[in-house]
Amino acid sequence: MKRALALVVALLAGLLTVAARPAAAAPGVVRVTGSHGDWQLTVDGNPFQVKGLTWGPPVSEAAQRMPDLNAMGVNTVRTWGTDGTSAPLFDAAAVNGIKVIAGFWLQPGGGPGSGGCVNYVTDTNYKSTMLAEFTRWVDVYKGHPGVLMWNVGNESVLGMQNCFSGAELESQRNAYTRFVNDVARAIHGIDPNHPVTSTDAWTGAWPYYEANAPDLDLYAVNSYNAVCQVRGDWEAGGYTKPYILTEGGPAGEWEVPDDVNGVPAEPSDVAKRDGYRRAWDCLTAHTGVALGGTLFHYGTEQDFGGVWFNLLPGNERRLSYYSVAAAYGGDPGANTPPVISRMDLSRITDVPAGGPFTIDVAASDPDGDALSYAIMLNSKYIDNAGALVPASFSGGGPFTVRAPDRLGVWKVYVYARDGHGNVGIETRSFRVVAPTPDGVNVARGKTATASSHQQVGDGAPFPPSNAVDGALSTRWASDWSDPQWLAVDLGAVTTFQHVQLVWEAAYGRAYEIQVSDNGSDWRSVHAATNGDGGVDDIDVTASGRYIRVYGTGRGTGWGYSLYEFGVYRR
């Protein structure tokens, strides 16, 4: 009786749950139809051109965000992975008339060599595990109205170049694409109503698919600045299947020339806007072969990569958002973002650490809205950090910005906001250098000794002499323990007025500047307890034949590392 009652309660709960879910369309049948050069994708017999975006937000936000995608004219989103957490995405997509290109991740994926290196010739366990996993979720979601097609792998054929070389690379690429075909065949056996494709980062992967994966229904490629070359590659290759674009947009970091500081010159907001329209126009011009695409990227991250590609960094709409909506025939609203047409820095290659520089921008708003500004910094080209951090600045334009203390090439971003959820973003690089103190560096070229120095590791050894050679390309590095010291013999008792410490990433949080007349009896002339790295310029008048920096508290888990230990007599 208790079991029967429990069963009734469970059934009622299930019915209530189902009833509470929004109504969705019935499962559709998706086909690649037509003949060579005259293909089309159909859903329930009706032509369907993929007007899509890659999906970035958490699945938990799908119900909230799908109406916005619908307003943009988007009819498809693409994912890279499908599992038990995917149901809310499929549900929300179907309710809003949107389909999902459901991805399955294979190693190496997402770029050359990333995600690990699998031996597709010999690793039968990996292949059988992935096959079982993929077919499991195909069986779960095959009847869902949100499914458009299945996509096996991402950029793995290209990615193998960082795992293998020569004949082995060719063997692995052939083995990988044969495995993709095994997956496609298995999926078709479970779900005959949805096509199967496989994405790579170059059309150079297509010959491998052509030779080894006949069960794919269509090809797929990620292409950014080279997207207008895809048609020519398809025609030159004599391929017999249509394709879709699964990532595309403006030129990526790997495609643009370097700027004067030797880092990739990020396209302007206007160039990115135009890059999306260019990609879509080149794609759709290949009628009867290119069946649409998912541009990159409906994401909200406001980090280095997010500002480069996301349509909604920080949940603010930018020019690219409206460009995609216009291409897809959407109507997301009439108020559009500010346009930054110019961004000039007073210094670009030689900004003194901790010193001021100015930024002058020309910005306008198409709707006449008043603009507010923010300035952010990023250190990716120094330490591979993705985060943007607020800059210290003043003024309403031009802006006076305080440079970071840490040496190297930084990115600075200007945000112009209109108060209506729209933003214009422009960025430039600038190089932070050590300020040149007044006077003569009496430590340069003198004999230096240290408590220890790193003798192994990338770039090692790092002897103490590197800190007094006058070059910011060399450094002293200590063992990873406290205390540590670096001493310089000035040759005779010398009076000085300034000390400059140019730290590498491994800086001293707590240290003293000490002097001695005999090299054994030391007296402290300066103490720091809250050092933050970068460049420490210290005005201190003292005298001694020997001078040393004595570290008692490291700022990182590494040791102490100095590019330069300068001692100046004025």
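How many of the 5 residues of strand S8 (residues 196–200) are buried? In S8, 5 of the 5 residues are buried, so the strand is largely enclosed by the rest of the structure; buried here means under 20% relative accessible area, with exposed over 50% and partly exposed in between, for a 1.4 Å probe and protein chains only.

The model is predicted, so that local features need pLDDT of at least 70 and side-chain atom pairs count only at pLDDT 80 or more, while totals for chains, interfaces and linings use all residues. Residues are numbered from 1 along each chain as its sequence is written, and side-chain values use heavy atoms, with hydrogens and water left out.

## The chain as a whole

The secondary structure of the protein chain comes to 12 helices and 28 strands, where helices (H or I, at least four residues) and strands (E, at least two) are DSSP runs numbered from the N terminus. Along its principal axes, the C-alpha trace spans about 90 × 70 × 60 Å, and buried residues make up 50% of the 570 residues in the chain. Of the contacts with a separation of 6 or more, 71% are accounted for by residues 24 or more positions apart, a contact being a case of heavy atoms within 4.5 Å.

Strands of a sheet pair through backbone hydrogen bonds, either parallel or antiparallel; two strands are taken as paired if DSSP finds at least two bridges between them. Strand S7 (residues 147–154) pairs with S8 in the parallel sense over 3 bridges, and Trp150 stands opposite Val196 in S8. Strand S9 (residues 219–222) also runs parallel to S8, to which 2 bridges join it, and the bridge partner of Asp200 in S9 is Val221. Together with helix H7 (residues 206–212), S8 and S9 make a right-handed β-α-β unit; right-handed means that, with the strands pointing away from the viewer, the path from the first strand over the helix to the second runs clockwise.

## The largest pocket

About 750 Å³ of space lies in the largest pocket. Of the 35 residues that line this pocket, the closest to its centre are Glu155, Tyr224, Glu247, Trp254 and Phe309. A pocket is found on a 1 Å grid over the protein atoms alone, as an open set of points where a 1.4 Å probe fits, with protein on both sides within 12 Å along at least five of seven lines, and lining residues have an atom within 4 Å of a point. The elements that give two or more residues to the lining are S9, helix H8 (230–237), strand S11 (290–298) and helix H10 (304–309), and the largest share, 5 residues, comes from H10.

## Two buried residues

Thr54 has its place in strand S4 (residues 50–55) and, at 0% relative accessibility, counts as buried. Not counting residues up to four places away in sequence, Thr54 touches Arg78, Trp80, Thr246, Glu247, Thr294, Leu295, Phe296, His297 and Tyr298. Gly508, which lies in strand S25 (residues 508–516), is likewise buried, with a relative accessible area of 0%. With the same exclusion of residues up to four places away, Gly508 touches Trp503, Gly531, Gly553, Gly555 and Tyr560.

The table gives C-alpha separations for these two residues.

| Residue pair | Separation in sequence | C-alpha distance |
|---|---|---|
| Thr54 and His420 | 366 residues | 25 Å |
| Gly508 and Gln484 | 24 residues | 9.8 Å |

Strand S18 (residues 399–402) has a covered face, formed by Phe399 and Val401, and an uncovered one, formed by Thr400 and Arg402. Strand S14 (residues 356–364) runs antiparallel to S18 and is joined to it by 4 bridges, with Thr400 in S18 as the bridge partner of Thr358. Strand S17 (residues 393–394) pairs with S18 in the antiparallel sense over 2 bridges, and Phe393 stands opposite Val401 in S18. In the hairpin of S17 and S18, which has 4 residues between the strands, Gly395 takes a positive phi near 95°.

Elsewhere, 5 strands form an open sheet with mixed pairing, in the order S13-S20-S19-S15-S16. The edge strands are S13 (351–352) and S16 (389–390), each of which pairs on one side only. Strand S15 (residues 372–378) and S16 run antiparallel and are joined by 2 bridges, and Leu377 stands opposite Val389 in S16.

Key:
Points joined across faces, edges and corners; volume = space filled by probe spheres on them.
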